Amino acid sequence: MNHKNFKNIDKVTYGRGSFAQLAQTVEPIRKENFKYFVYVVDNYFKDKPLSKQLQNKPEDLVFYIDVDPHEPTTEQIDTLRDGILSKKGLPSGVIGIGGGSILDIAKALSLMLTNEGSSTLYQGLNLIKNPGLYHLGVPTISGTGAEVSMTAVLTGPEKKLGLKCDWTVFNQVILDPDLISSVPTDWWFYTGMDTYIHCIESHNGIRNNAFSLAYGDQALNLSRKVYLDDGSGQTPENDDILMVASLMGGLSLTYSEVGVCHAVSYGLSKILGTRHCYANCIIFQHLEDIYPQGVGEFKRMIKKHKISLPQGLSKHWSDDTITKMATVSYNLPFMWNHAFGDNYKEIATMDYIKDLFRRL
Ligand code: NAD
Ligand code: ZN
């Protein structure tokens, strides 16, 4: 058994208003390289008050990125990296302000600024050769755990796979619950449910352990406060809690593994471009036989917040599409192994996985 040796975030600032400490936090790093920072900011904030509070200096480069057309791609990172290096040389560091998409862009960019060639070369575990630049993440939507994870998920021409290594993890994260208050209710739900599903999947499999269970139990309790109990809903008090739940859910799966929902979700996202958290919700509702308690509770949360999820999608999918999606999922053996144990190959056959897609 190879025990995980996980690199955590170096430093975390938490609390309402903590975003105002950004400039002082990065000041000591400004002396590095060509003494400027690259900001990647969710385009949503372009005309919002936050765009006036970035605390950037005139020499800094600020990129507003629209994350809605697609999830981060290898090509997008390569183009951004090449443009930055040819314009101003190596920056002191990268600051990402946004959701999972922007956080992954910041992580990937910090690695690709010091590693030659296309990011497609580095999709996988420990393929990155040189340490990346200092990078700081500021989540503005909570749930994916991208703020703490050691992967930057990129969609490439061939695979949807992360740049995964110790250097991917943020040097600094600033968790300011004020920043997530504007998230639309449907995204607040889908993204928060990613945390919930991380914990259910982390718990229900062979890789769970006291470490992953401790983070996961706590994240589940916090998720129930935000989405299920009396007083649940999108309130400032619950935003305080949700930011911590997201981080702890991410830590739970880091010490364990995700399972069936995520394996299927990767297939759906890669082939049809469905967004990660939304895809998880579409799938998880149909996994009652695998995660009975979790799916039961999930359905209660859906009802409570009047969320409607699409049904009958697979009616419109050809056999070829289903095969393509199932192939992506099938090729995630560590998730099936975690979920079904050491004889997972007998359970998670291509036919079984295709049937999971036909449930949707
Ligand atoms: P996102 O970054 O894709 O953003 C979702 C939507 O919310 C966008 O329209 C965005 O503009 C909007 N938004 C963000 N903050 C907002 C705010 N404060 N107010 C209003 N709107 C806001 O969302 P996500 O679900 O956090 O991230 C999904 C991405 O994360 C996917 O690309 C997925 O692959 C990746 N992911 C990464 C990891 C990891 O460990 N690295 C884990 C899970 C998912
Ligand atoms: Zn997830």
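A polar contact here is a pair of N or O atoms within 3.5 Å; within protein, one must be able to donate a hydrogen and the other to accept it. That rule is used at several stops below, and the model being toured is a predicted one.

**Stop 1: the two domains**

Select residues 11–180 and colour them as domain 1, then select 185–358 and colour them as domain 2. The C-alpha centres of the two domains are 25 Å apart.

**Stop 2: the interface**

Keep both domains on screen and show the residues where they meet. On the domain 1 side 26 residues are in contact with 24 residues of domain 2. The two domains bury about 2100 Å² between them, and 60% of this lies on carbon and sulfur atoms. Now pick out Ser142, Lys160 and Ile180 in domain 1: these lose the most area to domain 2, and together they make up 25% of what the domain 1 side buries.

**Stop 3: polar and charged pairs across the interface**

Between domain 1 and domain 2 there are 13 residue pairs in polar contact, counting pairs with both residues at pLDDT 80 or more. The domain 1 residues that touch domain 2 comprise ten nonpolar, eight polar and eight charged. The rule finds one salt bridge across this interface. For a salt bridge to display, select Arg16 and Asp240, whose closest N and O atoms are 2.9 Å apart.

**Stop 4: ligand 1**

Select ligand 1 and show the 29 residues around it; Asp68, Gly100, Ser101, Ser149 and Arg275 come nearest.

Go next to the side chain of Asp68, where a polar atom lies 2.6 Å from an oxygen atom of ligand 1. The side chain of Ser149 also places a polar atom 2.6 Å from a ligand oxygen. At Leu179, show the backbone: one of its polar atoms is 3.0 Å from a nitrogen atom of ligand 1. Taken alone, ligand 1 exposes 870 Å², of which the protein buries 95%.

Methods
Residues are numbered from 1 along each chain as its sequence is written. Chains are lettered from A and ligands numbered from 1 in the order in which they are written. This is a predicted model: local features need pLDDT of at least 70, side-chain atom pairs count only at pLDDT 80 or more; totals for chains, interfaces and linings use all residues. Side-chain values use heavy atoms; hydrogens and water are left out. Domain bounds come from an automatic or database domain assignment. Contact means heavy atoms within 4.5 Å. Buried area is the accessible area (1.4 Å probe) that two parts lose on being put together, summed over both. A salt bridge is a side-chain nitrogen of Lys or Arg within 4 Å of a carboxyl oxygen of Asp or Glu. Ala, Val, Leu, Ile, Met, Phe, Trp, Tyr, Cys and Pro count as nonpolar, Asp, Glu, Lys and Arg as charged, and the others, Gly among them, as polar. A residue is near a molecule or strand if one of its heavy atoms lies within 4 Å of it. Accessible areas come from the Shrake-Rupley method with a 1.4 Å probe; for residues, only the protein chains shown count as cover.
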